[in-house]
Amino acid sequence: MQEIHHLIDGRPVAGASGRTSAVYNPATGQQTGEVPLASADEVDAAVASARAAFEDWGATSIARRTALMFAFRNLVVDNADEIATRLTAEHGKVHSDARGEVARAVENIEFACGLAEHLKGSHNEAASTGVDVYSVRRPLGVVAGITPFNFPAMVPLWMVPNAVVCGNTFVLKPSERDPSAPLFIAELFGEAGFPPGVLNVVHGDKVAVDRLLAHPDVKAAGFVGSTPIARYVYATGTAHGKRVQALGGAKNHMVVLPDADIELAADSAVSAAYGSAGERCMAISVVAAVGDVADPLVEAIKVRMEKLVIGDGTDPASDMGPLITAEHRDRVAGYVGGAADQGATVVVDGRRARFDGGGFFLGVSLLDHVTPAMDAYRDEIFGPVLCVVRCDTYGEAVGLIADNPWGNGAAIFTRDGGAARQFQEDADAGMVGINVPIPVPVGYHSFGGWKDSLFGDTTMYGPEGIRFYTRPKVITSRWPDPATSAVDLGFPTNE
Ligand code: NAD
């Protein structure tokens, strides 16, 4: 049984609250570890370490901050396989998918390595006679990150590299369900040479989160997770005077027009709906099939689903692993039965799949003739269930997206450039894909949805991340007329 520890001031610290939570291997259903749940006092210790570290770190040169970030980047790349192994062991995603998560995380570290360019500020000479005005961006101090179970390596690295290169120090509260990968990454961070206290990790639940949101020394909090908790974190953190960016859940639509390449659309729908067991905030959960594309598309998706191999993520043959917990699997399965009761056609019923052992597996499901009134459409299922809503027109399909409370991603599949361009304007979502089902922006753009998918006014990572982790300072300076300077500058005199 793995004993998981906090990481405070560069040292492993055993939990002292007496409260713990079990960590499972979802592929076997066996408990593999125990994670401590921090008390407010333990959070205070981590914040105190980060605050002390900020005294020097905030004043450390950009050159040094960048050099350490390069070293960290190399350690993460060198240890990508070990990180992916930890992801598979506690999250359940297949190893190749876990390697993909690490690759997307590295993009964000690499962006942070070039942050000098973004921290340049701006300068106006002679705004008035003898007056110059210039702007710089300063770090905030101690910042916190609260992250979800579904990307335990990538989401912390959406936050930490940018925050730290901007000169802040960090307290990370990763998901208590799969804490080993983020903890290992924080250890690599120390190995790279970052001073103790620049990145601290406290494990925990609501108690730890509430203390971070109330702590007077925490200046900003980044959150990624479900919409109800995102809303709560935003309201609570801002009520305590902090900057908060809180990314919530999603219900992402993929509109397929009658002229689309059906093979491409079906491949994309299957990988985007069932990859990582549908436990992705950018997973496609609704296909809006326009006109007569629906029948052939549903058939093409069904054929592909039959070929998916579901099994332990350590097996290279597996395309999809288990869900995160038994309770979550049962909840997801409930939506399939519920949709059938409410009038949907169950084209493929994942509940029928049989698995040996005690893992939290569920087969893949495809629901056709789903309507917006059904629970399977209204709720974020966060599992391997794809809903097909049949639409008569393009307008009906974009209307679905507009009426949906979430607005993370939206995609269109078409060969028509005009229709695609119209969709990029009409789609009521923060990230849009054109023949791309999961349009997660690269690390030098920024990530974030609209509506109930994001609370706050900056999106995450990339240029918006820098804005979130810094505050502007504008300096207006006036110097005496050079002719009156006490130092002889060689100006001609009247004598
Ligand atoms: P979650 O909201 O249950 O947990 C997220 C974090 O909040 C965890 O660290 C958890 O410990 C903490 N937390 C849980 N309950 C809390 C409470 N009552 N008070 C304070 N903190 C609490 O989310 P999850 O199940 O870990 O992750 C899945 C969810 O995250 C899905 O809804 C998914 O769409 C969303 N997600 C969104 C994005 C995005 O970029 N928008 C990315 C990844 C995941």
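Modeller: A polar contact here is a pair of N or O atoms within 3.5 Å. Please note that this is a predicted model.

Colleague: Which atom of the ligand does K173 face, and at what distance?

Modeller: A polar side-chain atom of K173 lies 2.7 Å from an oxygen atom of the ligand, so the pair falls within the 3.5 Å limit.

Colleague: And what about E380 and G225?

Modeller: E380 places a polar side-chain atom 2.6 Å from a ligand oxygen atom. G225 uses a backbone N or O atom instead, 3.2 Å from an oxygen atom of the ligand.

Colleague: How much of the ligand does the protein bury?

Modeller: The protein buries 89% of the 840 Å² that the ligand exposes when taken alone.

Colleague: Where does the ligand sit?

Modeller: It sits in the largest pocket. The elements giving two or more residues to the shell around the ligand are α8 (206-214) and β11 (218-224).

Colleague: Which residues come nearest?

Modeller: Of the 26 residues around the ligand, those are K173, E176, S226, G248 and E380.

Colleague: What is the make-up of the shell by class?

Modeller: The shell has 12 nonpolar, nine polar and five charged residues.

Colleague: Which domains does the shell draw on?

Modeller: Domain 1 (2-248 + 453-476) and domain 2 (252-434) each supply at least three residues.

Key
Residues are numbered from 1 along each chain as its sequence is written. This is a predicted model: local features need pLDDT of at least 70, side-chain atom pairs count only at pLDDT 80 or more; totals for chains, interfaces and linings use all residues. Side-chain values use heavy atoms; hydrogens and water are left out. A residue is near a molecule or strand if one of its heavy atoms lies within 4 Å of it. A polar contact is a pair of N or O atoms within 3.5 Å; within protein, one must be able to donate a hydrogen and the other to accept it, and residues adjacent in sequence count only if both atoms are side-chain atoms. Accessible areas come from the Shrake-Rupley method with a 1.4 Å probe; for residues, only the protein chains shown count as cover. On a 1 Å grid over the protein atoms alone, a cavity is a set of points where a 1.4 Å probe fits but cannot get out, and a pocket is an open set with protein on both sides within 12 Å along at least five of seven lines; lining residues have an atom within 4 Å of a point. A molecule sits in a cavity or pocket if more than half of its atoms lie within 2 Å of its grid points. Helices (H or I, at least four residues) and strands (E, at least two) are DSSP runs, numbered from the N terminus. Ala, Val, Leu, Ile, Met, Phe, Trp, Tyr, Cys and Pro count as nonpolar, Asp, Glu, Lys and Arg as charged, and the others, Gly among them, as polar. Domain bounds come from an automatic or database domain assignment.
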